[in-house]
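Take a look at the sequence and the model below. A short tour of selected parts comes after them.

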Amino acid sequence: MIQYIEQILPALLSGTKMTLLIFFWTLIASIPLGALVGLGLIQKFKPLVWLLNIYVWLMRGTPLLLQLIFVFYGLPILGIIFQRYDAALFAFILNYTAYFGEIFRGGFQSVPKGQFESARVLRLSYGQTIRKIVIPQVFKIVLPSIGNEVINLVKDSSLVYVIGLGDLLRAGNVATARDVTLLPLILVGIIYLALTAVCTIVLKMIEKRENVWQ
Amino acid sequence: MLEIKDLTKKFGTKTVIDDLSMTVKDNEIMAIVGPSGAGKTTLLRCITGLESVNQGQFFWNGTQFDPTNTDQKETIIGVVFQDYQLFPNLTVMGNITLAPTMVKKLPLAEVQKTARELLARLGLEGKEDLYPFQLSGGQKQRVAIVRALAMNPKILCYDEPTSALDPALRDEVAEIILGLKKQQMTQIVVTHDMDFAQNVADEIKRVEQID
């Protein structure tokens with residue numbers, strides 16, 4: 001059995017690499033973009049808010065799987081062609097930005113108005129206020145919700161296998177189909193558990209660090 | 001000297017301040033008193049630029065200024081809010097140095113030196129690295145005062161400075177305000193507390209509810 005594991009492990013690890021790439025780049029892009037969308041959603045300029053609401057509604061209201069298929073198999077019909085990996089990233093970033101946007105909107109709205117006024121009478125600009133006072137407070141507020149989405153993303157990344165990307169799940173599935181054994185799927189499960197465990201620990205560490213102030 | 005001329009403030013059709021004029025002389029303490037709902041806080045919010053006015057002019061030493069404009073060269077008005085509104089994510093020192101370093105672009109070391117002196121003067125030495133949640137109400141208020149002073153305002157305004165404090169601390173605030181007066185700080189105190197107003201103020205401005 002050990003021998004068999006050694007034999008399929010390289011394929012699984014290479015799949016894990018793809019899973020991590022999707023995970024990593026989606027987070028790197030969609031957290032800051034989500035913060036911007038959240039900031040947009042609290043503006044007084046109504047057309048912007050409507051536009052963003054429609055975007056959030058579309059992204060949250062349709063399956064991520066549909067969005068992936070749409071980007072990779074659908075858009076080429078309109079002449080927009082993505083490579084598999086780019087298609088996956090594009091769909092994931094668009095989707096996760098919407099979720100993060102809603103989370104950040106809630107975060108921005110829970111910063112008391114008095115904080116903005118206090119910054120204003122100290123003559124801080126809107127940008128300075130957002131960067132130095134609002135974002136740090138929002139970050140702390142949204143951290144648990146962001147954590148949920150981060151864990152979800154680890155698992156959601158397995159959806160890329162529908163557009164033929166060789167991620168962790170696909171690697172396990174291929175091995176199981178070929179060798180008619182459950183072992184690869186169990187290993188896949190263990191690797192996902194390990195990945196989410198690492199995420200959980202890192203998130204806990206960040207939360208702890210944020211607890212120096214209340 | 002701060003002069004306010006013909007100030008009118010309406011919320012919708014409701015007039016809260018009607019054609020009010022007042023003058024705050026240098027180094028004096030002006031108390032604004034009146035029953036709740038009379039527009040004391042609204043008046044303060046107009047002076048501090050948090051509300052725009054429907055009508056009226058503000059003059060500092062004869063030069064007109066717009067309190068809502070945050071791009072002025074100097075800080076004319078400093079504010080200590082009723083609930084202090086310290087920034088919870090910053091230490092005491094961070095709260096004080098943020099605006100002077102970011103808005104006035106003063107060197108951090110210089111601002112910190114001034115901050116330490118001000119903190120010591122208000123009995124807050126050793127609290128520099130604490131976060132606001134670790135302070136008592138009275139200490140928060142004093143940090144808010146130091147934070148406002150660090151921007152070197154011409155006038156310091158307080159909104160209901162005694163409302164959240166117990167009686168012993170009330171006298172302490174009076175001492176702080178009178179202490180700042182000795183250092184030539186012009187101050188405006190909005191309060192519903194007549195005794196307190198009479199204790200500290202050189203001049204008392206009454207505002208009444210408009211029907």
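## A helix in chain A

This is a predicted model. Start with helix H7 of chain A, which covers residues 168–179. H7(A) has 12 residues, and at 1.5 Å a residue they should span 16 Å. The end C-alpha atoms are 17 Å apart, which agrees.

Several residues of H7(A) are buried: A:Leu168, A:Leu169, A:Arg170, A:Ala171, A:Gly172 and A:Ala175. What do the buried residues of H7(A) pack against? Their partners are helix H1 (2–41) and helix H8 (183–210) of chain A. After H7(A) comes A:Val180, and its phi is positive, near 45 degrees.

## Where the chains meet

Chain B puts 18 residues into the contact, and chain A puts in 17 residues. On the side of chain B that touches chain A, helix H2 (residues 92–102) of chain B has the largest share, three residues. By class, this side of chain B has 12 nonpolar, five polar and one charged residues.

## Two domains in chain B

Chain B splits into domain 1 (1–76 + 154–211) and domain 2 (87–152). Their centres, taken over C-alpha atoms, are 23 Å apart. Nine residues of domain 1 are in contact with 10 residues of domain 2.

Look at the side of domain 1 of chain B that touches domain 2 of chain B. Helix H5 (residues 167–182) of chain B gives the largest share of that side, four residues. By class, the side has seven nonpolar, one polar and one charged residues.

## The largest nonpolar core

The largest nonpolar core holds 104 residues. Which of them touch the most other members? They are A:Ala88, B:Ala31, B:Ile32, B:Cys157 and B:Val189. Helix H4 (residues 84–109) of chain A gives the most to this core, with 13 residues. Domain 1 and domain 2 of chain B both give residues to this core, so it lies between them.

B:Val189 has contacts beyond four places away in sequence. Among them are B:Ile29, B:Ala31, B:Tyr158, B:Pro161 and B:Ile177. B:Ala197, B:Val200 and B:Ala201 are also touched by B:Val189.

## A strand pair in chain B

Strand E6 of chain B covers residues 77–80. B:Ile77 and B:Val79 point one way, and B:Gly78 and B:Val80 point the other way. All four are buried. In a regular strand the side chains alternate between the two faces of the sheet.

How do E6(B) and strand E7 (residues 155–159) of chain B run, parallel or antiparallel? They run parallel, and four bridges join them. In E7(B), B:Tyr158 is the bridge partner of B:Val80. B:Tyr158 is also touched by B:Val189.

Definitions and conventions. Residues are numbered from 1 along each chain as its sequence is written. Chains are lettered from A and ligands numbered from 1 in the order in which they are written. This is a predicted model: local features need pLDDT of at least 70, side-chain atom pairs count only at pLDDT 80 or more; totals for chains, interfaces and linings use all residues. Helices (H or I, at least four residues) and strands (E, at least two) are DSSP runs, numbered from the N terminus. The expected span of a helix is 1.5 Å times one less than its number of residues. A residue is buried if 20 or more other C-beta atoms lie within 10 Å of its own, exposed if 12 or fewer, and partly exposed in between; C-beta atoms are placed from the backbone. Two residues are in contact if their C-beta atoms, placed from the backbone, lie within 7 Å. A nonpolar core is a set of buried Ala, Val, Leu, Ile, Met, Phe, Trp, Tyr and Cys residues joined through C-beta atoms within 7 Å. Domain bounds come from an automatic or database domain assignment. Two strands pair if DSSP finds at least two bridges between them. Ala, Val, Leu, Ile, Met, Phe, Trp, Tyr, Cys and Pro count as nonpolar, Asp, Glu, Lys and Arg as charged, and the others, Gly among them, as polar.
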